Amino acid sequence: MAGHRPRKRFGQHFLHDPWIIQRIIQAINPRPGERLLEIGPGLGALTAPLLEAVGQLDVVELDRDVIAPLQVACAGRGVLRVHNEDVLAFDFSRLAGTGPLRVVGNLPYNISTPLIFHLLSQATSIHDMLFMVQKEVAGRMAAAPGSKDYGRLSVMVQWRCAVETLFGVSPGAFRPPPKVDSAMVHLIPHSRPAVTVDDESLFAALVEQAFKQRRKTLRNSLKQWLSADDIAAVGVEPAWRPEVLSLAQFAALTTAAHRRGSC
């Protein structure tokens with residue numbers, strides 16, 4: 001379906017570079033019988049080789065116009081199950097009952113960050129995730145405390161997953177070319193979160209609030225939960241800004257807030 005016009009509202013940028021496609025397939029390393037789900041298969045550049053490798057494949061695709069040509073491209077390669085749904089509302093756990101679920105894809109760039117948060121909320125149902133995202137987003141997921149890219153996404157992803165940036169991809173590998181560079185990332189959910197917290201919802205809310213105005217000191221950004229003395233009591237300087245805190249320090253602040261009954 002070479003004449004299909006990528007739709008901006010779906011964030012569509014179709015992979016067309018054979019060398020990059022092969023490199024992505026090698027990174028995913030699909031094996032027969034694995035339970036794979038691809039997000040945003042589009043015209044099937046990754047779908048067809050993935051399906052051939054595993055024998056059966058679930059895909060989530062919102063754009064109805066690409067489903068028929070996708071099925072034609074994959075005919076005879078295996079069992080393709082198409083879920084014509086909004087991936088931001090998709091229940092990944094419903095597919096995880098038959099074995100570890102591997103989630104892959106070239107993520108729609110206009111929803112990549114909220115989609116990652118949605119996936120993190122269901123991380124216990126997922127074995128691993130291999131995604132193409134904006135290079136900036138990949139950098140934020142892997143960023144260390146103290147770096148300019150470190151923020152809410154860094155903390156929440158690293159709390160749930162081990163993060164590895166695999167390789168970069170230039171705009172020319174896509175049609176139409178995006179205005180940003182891209183990167184392939186590998187996320188492997190931890191068997192348990194990297195740090196233990198008393199209240200996971202409070203942890204998420206506290207991290208979000210801390211980075212909402214990242215130039216504010218913790219004394220000011222977290223005052224609804226903790227006093228300056230409370231913050232200092234767990235070994236954190238109230239005058240610090242959130243980008244210098246480790247996961248363990250965010251967990252310690254969450255524990256202090258929970259004990260105050262501030263949840």
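The model is predicted, so local features are described at pLDDT of at least 70 and side-chain atom pairs at pLDDT 80 or more, while totals for chains, interfaces and linings use all residues. Residues are numbered from 1 along each chain as its sequence is written, and side-chain values use heavy atoms, with hydrogens and water left out.

Confidence comes first. For the protein chain, pLDDT (the predictor's confidence in each residue, from 0 to 100) has a mean of 92, and 94% of the residues reach 70 or more. Helices (H or I, at least four residues) and strands (E, at least two) are DSSP runs, numbered from the N terminus. By mean confidence, α6 is highest at 98, and strand β1 (residues 14-15) is lowest at 82. Over residues 6-11 pLDDT stays under 50, and the model has 16 contacts beyond four places in sequence for that stretch; here a contact means heavy atoms within 4.5 Å.

The interior comes next. Nonpolar side chains in soluble globular proteins tend to be buried together. A nonpolar core is taken as a set of buried Ala, Val, Leu, Ile, Met, Phe, Trp, Tyr and Cys residues joined through side-chain atoms within 4.5 Å, where buried means under 20% relative accessible area, exposed over 50%, and partly exposed in between (1.4 Å probe, protein chains only). The largest nonpolar core has 54 residues, of which Ile-39, Val-103 and Phe-250 touch the most other members. Leaving aside residues up to four places away in sequence, the contacts of Ile-39 include Val-60, Val-87, Phe-92, Val-103, Leu-115 and Phe-131. Another core, of 26 residues, lies apart from that one, and Ile-24, Ile-25, Ile-28 and Leu-57 are among its members.

Val-59 belongs to strand β3 (residues 56-60) and is buried, because its relative accessible area is 0%. Beyond four places in sequence, Val-59 touches Glu-38, Pro-41, Thr-47, Leu-70, Leu-80, Arg-81, Val-82 and His-83. Leu-101, in strand β5 (residues 101-106), also has 0% relative accessibility and therefore counts as buried.

Ser-182 lies in strand β9 (residues 182-189) and counts as buried, because its relative accessibility is 1%. The side chains of Ser-182 and Tyr-109 are joined by a polar contact of 2.6 Å. A polar contact is a pair of N or O atoms within 3.5 Å; within protein, one must be able to donate a hydrogen and the other to accept it, and residues adjacent in sequence count only if both atoms are side-chain atoms. Other residues touched by Ser-182 include Met-132, Gln-134, Phe-167 and Phe-174.

Cysteines were also examined. Cys-74 is buried, with a relative accessible area of 2%, and Cys-161 counts as buried at 2% relative accessibility. With a disulfide defined as a pair of cysteine sulfur atoms within 2.5 Å, the count comes to zero.

The loops hold some backbone features worth a look. Most residues other than glycine have a negative phi, and most peptide bonds are trans. Asn-29 is not a glycine, yet has a positive phi of about 55°; this residue lies in the loop between α1 (18-28) and β2 (35-39) and is partly exposed, with a relative accessible area of 37%. The peptide bond from Arg-175 to Pro-176 is cis, with omega near -10°, and Pro-176 sits in the loop between β8 (174-175) and β9. In the loop between α9 and α10, Val-244 is partly exposed at 40% relative accessible area and touches Pro-145, Gly-146 and Gln-249, not counting residues up to four places away in sequence.

The buried residues of α10 include Leu-247, Phe-250, Leu-253 and Thr-254. Among the elements covering the buried residues of α10 are α6 (152-160), α7 (200-212) and α9 (228-233). After α10 comes Gly-261, with a positive phi near 70°.
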